[in-house]
Amino acid sequence: MKRQIFTEDHDAFRETVRTFLAKEVTPHYEQWEKDGIVSRAAWRAAGRQGLLGLAVPEEYGGGGEPDFRYSAVLAEEFTRAGAAGLAIGLHNDIIGPYLTSLGTDAQKRRWLPGFCTGETITAIAMTEPGAGSDLQGIRTTAEDHGDHWILNGSKTFISNGILADLVIVVARTTPEGGAHGLSLLVVERGMDGFERGRNLDKIGQKSQDTAELFFHDVRVPKENLLGEPNGAFGHLMTHLAQERMGIAVAGIAAAEHLLEITTQYVKEREAFGRPLAKLQHIRFEMAEMATECAVTRAFLDRCIVDHTAGELDAVHASMAKWWATELQKRVADRCLQLHGGYGYMAEYRVAKAFTDGRIQTIYGGTTEIMKEIIGRSLLG
């Protein structure tokens, strides 16, 4: 089915993204995977190409285009290229809105120009060794010392953790209050007491630096408070829908791409003297996956349109996230199976998609959390 949500401008942007990937990412990606980190030069190249800060106002160096469909194009093309390591979606769609919607004029002038050029790489630090989706479990603290905060604690599984120059840290600023006693503090590279642990060894997305972060009596100026004191919970809830949409968009794009390459593979691969595609079981497997992808694509495109119009609620974003990522996981497993032994070889795209995509049902809120959000909306 022909998609109807994009204009000629979006199509032109898609070609720009593909050209960027072919020139600045794909030739270097194997080395980045070995290194466990991407080059900072790639971030600067993305900035020069206008891929960073799409929704940031032009006065701060951004594209001034809040249309989420451009972000969807980026997510789709990076997914098709298998380039999860260059975490532009995290930078643009998760961290960018915090800076643009919560930042003061002074903060925006200070941080957003570098954000848009790729000189300032960003991260957000919520997860702790003992607290994932449960914000009430956060133990990192920030004590009020007049003109500054004293930050202590640790975070883990932080994407861009090694490269990040600016980290939005979720910290407890009141002893009581549960999830409502949290604030957002911006920690910058070079602050005394801010240390990075090891670059974590993951089963997939090897080039995406994911780190432990440690804060030992870090002196954070009061002007680095982002948003309202003790207001982090509300701020986080406001922006979660876009984070989950970005993950969902990547999920369906990955499933569709796997379906494409597996379709080609079963046409060419022979068993018992004829192509796999001639076997009824194979045709039924492909028919099921194609139908599931088509149905999911229709729902996701509707969610993209609604989110662009500011009308997507948290429940439907949760539906999109859990359904698309579980479909991605299921399709990756079935496509690998259809590749047989070759599917288990790291050089094959399907093997890399299998390991790279496994995190999709976990980060940004697990499938179980998504179902809980949906269930509560129905049953209270």
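Biologist: Which residues of strand E1 (residues 122-125) point one way, and which point the other way?

Modeller: In this predicted model, Thr122 and Ile124 point one way from strand E1, whereas Ala123 and Ala125 point the other way, and all are buried. In a regular strand the side chains alternate between the two faces of the sheet.

Biologist: What makes E1 and strand E4 (residues 166-172) a pair?

Modeller: Two strands pair if there are at least two bridges between them, and 4 bridges join E1 to E4, so the two count as paired, and they run parallel. Within E4, valine 169 stands opposite alanine 125.

Biologist: Why do tyrosine 342 and tyrosine 348 count as partly exposed?

Modeller: Tyrosine 342 has 36% relative accessibility and tyrosine 348 has 27%; buried means under 20% and exposed over 50%, so both values fall in between.

Biologist: How do you know that the charged end of lysine 222 sits over the ring of tryptophan 149?

Modeller: The charged end of lysine 222 is 4.9 Å from the centre of that ring, and the distance limit is within 6 Å, with a further limit of within 35 degrees of the ring normal. Likewise, the charged end of lysine 371 sits over the ring of tryptophan 322, 4.8 Å from its centre.

Technical notes
Residues numbered from 1 in each chain as written. Predicted model: local features only at pLDDT ≥ 70, side-chain atom pairs only at ≥ 80, totals over all residues. Heavy atoms only, no water. Buried < 20%, exposed > 50% of the residue type's maximum accessible area, 1.4 Å probe, protein only.
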